[in-house]
Amino acid sequence: MPFAVDLHTHTKYGSNCSYSDPRQLIQQAKGAGLDGVCITEHNAPWEEDALTRLSDEEGFALFGGIEVSTEVGDVLVFGAVNSVLPGRRIEDLRHLVDEVGGMMIAAHPFRWYSLPGVVIDEEEASRQPVFQWVDAVEVFNGASPRGEVEFSCRVLDLLNLRGVGGSDSHAPHVVGRCYTRFERRIHSVEDLVGEVKAGRFQAVHPGMSLVV
C-alpha cells in the first residue's frame, strides 16, 4: 500500500522562521491524507525522544531530519542528524553521512532561477555542484511557483537522480502541498533512507497534477 510522506517541514520549536505548532502541523497532515511527516528544522535536529513521544501521542508517523546549510546550497539530511553540524562543507557532510548510512537531498535547488530577470538554461542548472553530492533532488517544493516547478522537471530529466516532493511548510496550511509517495510503508528513518536509495517512490504535486 502506498505511503505518503511530506519530506520537508518546519516548526516554531526549531526554526525561527516558522510559526507552525507541531500538533497543528500533524492535524493538517492528517487532513491532507498524508501518512507521515518529516520535521527538518534549520541546522538543528529535534531530540529523538521528543519526536517519538509526539508521534505516539498523536498516533501519526513522524521522522526526524535536518536542513543543513552548505556552501553549495541547503541539503536535507536523514539518518545522521546527531552528527551533523551546520555550515559544513558539502564534501565533509557527505563523508559524515556515508559513515552512518544516511542520505542527502538537495533542497529547493531551483529557487533562484524563477526570479524576475534571471535567465538560465536547463543544461547550466543541471551542473550545480550540489548534484554531485546528493542522493535525490527536491523537484517539488511547496513554495515554488509553476514556472519553477516546470523548470525543475526539465532539469531532472538531465540528471541521474530521482526527484522527491516536500512542502517546505513554515505554516500549518502548507503541509502536504507537495509530498513523496512511497511504494512501501515507512516505519523509521532507516526505512526512509532505504526506500529513497532504492528508488521506490514518486514525487507528487497535487495542486499542479504532477507526478514524477
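A nonpolar core is a set of buried Ala, Val, Leu, Ile, Met, Phe, Trp, Tyr and Cys residues joined through side-chain atoms within 4.5 Å. With that idea in hand, let's tour some close-up views of this predicted model.

**View 1. The largest nonpolar core brings together 30 residues.** Look for Val-77, Met-104 and Phe-131, the members that touch the most other members of this core. Several elements each supply at least two residues: strand 3, strand 4 (73–78), helix 3 (90–99), strand 5 (103–106), strand 6 and helix 5. Which element gives the most to this core? That is helix 5, with five residues.

**View 2. Phe-131 and the residues it touches.** Leaving aside residues up to four places away in sequence, Phe-131 is in contact with Ala-106, Pro-109, Phe-110 and Ala-125, and also with Ser-126, Val-137, Leu-159 and Leu-161.

**View 3. Helix 5 and its cover.** Helix 5 spans residues 146–156. Its buried residues are Glu-148, Val-149, Phe-151, Ser-152, Cys-153, Val-155 and Leu-156. What covers them? The cover includes helix 4 (122–125) and strand 6 (136–141), along with strand 7 (162–166), strand 9 (201–205) and strand 10 (210–211).

**View 4. Helix 6 and the glycine that follows.** Helix 6 takes in residues 189–198, and Val-189, Leu-192, Val-193, Glu-195 and Val-196 are its buried residues. After helix 6 comes Gly-199, which has a positive phi, near 75 degrees.

**View 5. The largest pocket.** Rolling a probe the size of a water molecule over the atoms shows where empty space is left. The largest pocket has a volume of about 200 Å³. Its lining is made of 14 residues, with Ser-55, Leu-62, Phe-63, His-187 and Ser-188 nearest the centre. Helix 2 (48–58) and strand 3 (61–70) are the elements that give two or more residues to this lining. Helix 2 provides the largest share, five residues. Sorted by class, the pocket lining holds six nonpolar, five polar and three charged residues.

**View 6. The largest cavity.** How many cavities of 30 Å³ or more are there? The count comes to one. About 50 Å³ of space lies in the largest cavity. Around that space you can find Pro-45, Trp-46, Glu-48 and Leu-51, together with Gly-64, Gly-65, Val-81 and Asn-82. Helix 2 and strand 3 are the elements that give two or more residues to this lining. The cavity lining divides into four nonpolar, three polar and one charged residue.

**View 7. Cysteines without a disulfide.** A search of the whole structure finds zero disulfides. Cys-38 counts as buried because its relative accessibility is 0%. Cys-153 is in no disulfide either, and its nearest cysteine sulfur, that of Cys-178, is 10 Å away. Is Cys-153 buried or exposed? Buried means under 20% relative accessible area, so Cys-153, at 18%, counts as buried.

Key:
Residues are numbered from 1 along each chain as its sequence is written. This is a predicted model: local features need pLDDT of at least 70, side-chain atom pairs count only at pLDDT 80 or more; totals for chains, interfaces and linings use all residues. Side-chain values use heavy atoms; hydrogens and water are left out. On a 1 Å grid over the protein atoms alone, a cavity is a set of points where a 1.4 Å probe fits but cannot get out, and a pocket is an open set with protein on both sides within 12 Å along at least five of seven lines; lining residues have an atom within 4 Å of a point. Grid points are joined across faces, edges and corners, and a volume is the space filled by probe spheres set on the points. Helices (H or I, at least four residues) and strands (E, at least two) are DSSP runs, numbered from the N terminus. Ala, Val, Leu, Ile, Met, Phe, Trp, Tyr, Cys and Pro count as nonpolar, Asp, Glu, Lys and Arg as charged, and the others, Gly among them, as polar. Buried means under 20% relative accessible area, exposed over 50%, partly exposed in between (1.4 Å probe, protein chains only). Contact means heavy atoms within 4.5 Å. A disulfide is a pair of cysteine sulfur atoms within 2.5 Å.
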